[in-house]
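Subject: Two-chain model, handed over

Hi,

Here is the structure I promised. Please open it first, then read my notes below.

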Amino acid sequence: MRRVGRVGTLLVALLLAAGAASASAAVSDKVVSTQWLAEHLDDPNVRIIEVSVNPGVYERGHIPGAVNYVWHTDLVEPYVRDIVSPERFEALARAAGINNDTTVVFYGDNSNWFAAWGAWVFNYYGVKDVRLLDGGRAKWEAEGRELTVRQPSHPPGNFTIEKTNPHLRVFLSDVLEVVTTGADVDILDIRSPAEYEGRIFAPEGVQELSIRAGHIPGAVNVPWNLAVNEDGTFKSVEELRELYASVGIDGSRPIIVYCRIGERSSHSWFVLSQILGYEVAQYDGSWTEWGNAVGVPITNLAGTVWGAR
Amino acid sequence: MPVRELYQGQHPLTPPPSDPLVGSGRRVGGNYGAIVALSAGLLAAVAGVAWWLHNVPGLGAEASMSLLIGAAFGIIMQRGRFCFFCIFRDLIEGKNSGPFYALLSALAMGSVLYVVVFGAFLPNPATGRLPPDAHIGPVSWVLVMAGVAFGLGMALSGACVSGHLYRLGEGYSRAPIALLGTLVGFGLGFMTWRPFYLSSISTAPVLWLPHYLGYGGALALQLVLLGLLALALMRYLPPGKGQGVEDGRPGTVGDSPPDARENPQDSGRDVRQGSREHGLQSHGGEKVTLASVWQRVFQRRWPPGITGAAVGVLGAVAYLRVAPLGVTSQIGSIARTLMTEWNLLEGRLNGLDSFSGCVTRVIHTISNNGLLISALVVGSLAMALVSGRFELTRLTWRNATTALAGGILMGWGSMLALGCTVGTLLSGTMALAVSGWVFFGAVFTGVWAGIKLRLHRI
């Protein structure tokens, strides 16, 4: 009886220790915990960047020292549908005080969607150490951690693009080639099942920008949010492996991810490439391009016919 | 029986019988203590809900702050009679600029504090970016037209949208009718938005003074303009012994819009009181007692300068913590949601959702703005009770019809102007937006025309 009690105590202690470890340790070295970030606020080699969707979120209180990037102007080109140009990217990074050896930590609202977009763009331009705050802004806030409205001032950095990583990005023609030749590539649609099946053109409240509804032929569907726990933190590596393996994605073949405009798929791109270490490219043209392109096949499981009401 | 008749002369905090503010001798018995307790209970209820909301996931601090800001706005508006229509009418009809200084004070205080907030939100105003969600709108003839319509609606219905909200708390029975009209007006606004957007708003400049002058320059210009207005209006300040009453009709409850009789009298009273009675500042020798402080805070109208400063501080606090002050967002959203559901409106309106202002959305819940205006009514009600201003006014077919028509004009105007006297005039001008000043001028013109046409006497 006493023995059982002791074993029980030991088990409880082990469980507690495991729980504590999972609470503080991050799922990958590309993911930092809120605790880690709190301890590195004054680290001159760590630069924190907030990319939030809603205006005024950063301004009304951000993590001390964090720099604000506006996704729809800073991280894209305004007059070409494209990610930010190399010249503007260098200027942007330098203004934030980023050097080639700076650790850049992204976080944002809306489950880190656009923070992940920022991380993808930074990886594309070859920034070496790019990480994401586990649980994003919501977790930092929920833990009652420090926020400030003061603007950061960092000495300008000297970041220079050494090499871009074009393999992180694919275009319509690349995806079309995969679809038509049946190349050994997994295509992952990370939108909601209703969008994937073609029952709807866009999520509730979002502009319907495409002429066709459905998905890229051959694509499998794992909604982005299945990769995170209720508090927005990433699931464990084992859980994530299982999740994607359940639709046949195990990293043995290159992967293409897409969504509607490329923001939610940045999140899944991050999970698959930065946490699981798979070879993943993002098709940021996504459904707003594919569903509008002429002569491109789609799969529509719902039988939605465009134009008929 | 009007509540004011419940006030009892025996309570230690009850004003002396000579005070004309409470019921001109019509006070008969009742229990003032119970009324004070009821008011305190109302405010405590708002605070309690705010405390509870603070911990509700998905609502949190912003919802809680919205509630508190709303209650504070209601308290300030009721205690200072911060009613745009009354302020304008006292000047136009009563040749009394006294209350107008509340507005100037609000804009001056608000501008200074807005610049402090802007400095943190957007350190460099020259980049071409605008500070997040500040009410800086497109400047076009549509804005002028909307402002004039809004002003006419104010004259017709007896108050602006915020005025009706706080006077709802005073038992003003035309207020709900006017607010219903505002809802209808918003619907008409959505239906007529497209041609105005295409012909004018889509290409109208969004002018923000700091973009051209920097924060310092823009603030200096703003304060000079406000100072010049203050200087020009000095000649309309009533002479010392309370001669500011032009409309001295007896305070009977009748068919005429109550505001037409109440407010000039009020301002007259206050002026009289200020000069004859012991002001804290003017008569330093007067003994300050609990009763005199109680009177000043809870029974007499707050001085315009203090009322305005409080509004200015509140405006900046609201912008810093939640969003610029505005009172039409929830009303407009209800209209938009209903119309979308009745298939009168498509989900998208050209360009509408790309502007900052009192934004409307298709929603099925109460927004932060809804919490704000609800708390505003409660805050005003609590103060109306304590100050003896709560009185259910009589509704007639005639004054209900004018309230409805005025409300429709105001709803239409504030839809096209992306806000009302609070959202576009106050929050816009405080934000150093040209659209705020343009709307200010247009609304004033509309009220002026409305009064000259005697719309407020219909």
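Is B:Ser380 buried or exposed? B:Ser380 counts as buried, because its relative accessibility is 0%. The cut-offs are these: buried is under 20% relative accessible area, exposed is over 50%, and partly exposed is in between, with a 1.4 Å probe and protein chains only.

Some ground rules. This is a predicted model, in which local features need pLDDT of at least 70, side-chain atom pairs count only at pLDDT 80 or more, and totals for chains, interfaces and linings use all residues. Residues are numbered from 1 along each chain as its sequence is written, chains are lettered from A and ligands numbered from 1 in the order in which they are written, and side-chain values use heavy atoms, with hydrogens and water left out.

**Chain B overall**

Chain B has 16 helices and zero strands. Helices (H or I, at least four residues) and strands (E, at least two) are DSSP runs, numbered from the N terminus. Of the 458 residues in chain B, 58% are buried. Take the contacts in chain B with a separation of 6 or more: 81% of them join residues 24 or more positions apart. Contact means heavy atoms within 4.5 Å.

Leaving out residues up to four places away in sequence, B:Ser380 touches B:Gly74, B:Ile75, B:Gln78, B:Tyr166, B:Gly169 and B:Glu170.

B:Val438 sits in helix α16 (residues 434-452) of chain B. B:Val438 counts as partly exposed, because its relative accessibility is 23%. Beyond its neighbours within four places in sequence, B:Val438 is in contact with B:Val139, B:Leu143 and B:Val144. From B:Val438 to B:Leu67 it is 371 residues in sequence and 30 Å in space, C-alpha to C-alpha.

Helix α3 of chain B (residues 84-92) is largely enclosed by the rest of the structure, because nine of its nine residues are buried. Among them are B:Phe84, B:Cys86, B:Arg89 and B:Asp90.

How many disulfides does the whole structure have? The search finds one over all chains. A disulfide here is a pair of cysteine sulfur atoms within 2.5 Å. The partners are B:Cys83 and B:Cys86, with sulfur atoms 2.3 Å apart. The torsion about their S-S bond is about 80°, so the disulfide is right-handed. B:Cys83 and B:Cys86 are both buried. B:Cys160 is in no disulfide; its nearest cysteine sulfur is that of B:Cys83, 6.1 Å away. B:Cys160 also counts as buried, because its relative accessibility is 0%.

**Serines in chain A**

A:Ser265 lies in helix α9 (residues 264-275) of chain A. A:Ser265 counts as buried, because its relative accessibility is 0%. Its side chain makes a polar contact with the side chain of A:Gln282, at 2.5 Å. A polar contact is a pair of N or O atoms within 3.5 Å; within protein, one must be able to donate a hydrogen and the other to accept it, and residues adjacent in sequence count only if both atoms are side-chain atoms. Outside the four places on either side in sequence, A:Ser265 has contacts that include A:Cys259 and A:Ser286. A:Cys259 is buried too, at 0% relative accessibility.

A:Ser286 is found in helix α10 (residues 286-290) of chain A. Its phi is near 50°, a positive value in a residue other than glycine. A:Ser286 is buried, at 0% relative accessibility.

A:Ser111 has a positive phi as well, near 55°. A:Ser111 is in the loop between β4 (103-107) and α4 (113-124) of chain A. A:Ser111 counts as partly exposed, because its relative accessible area is 38%.

**The interface**

Ten residues of chain A and 14 residues of chain B make the contact. The buried area is about 920 Å², with 50% from carbon and sulfur atoms. Buried area is the accessible area (1.4 Å probe) that two parts lose on being put together, summed over both. On the chain A side, A:Glu59, A:Arg60 and A:Gln151 lose the most area to chain B, together 58% of what that side buries.

Two salt bridges are counted between chain A and chain B. The rule is a side-chain nitrogen of Lys or Arg within 4 Å of a carboxyl oxygen of Asp or Glu. A:Asp74 and B:Arg129 form a salt bridge, 2.6 Å from N to O.

Best wishes
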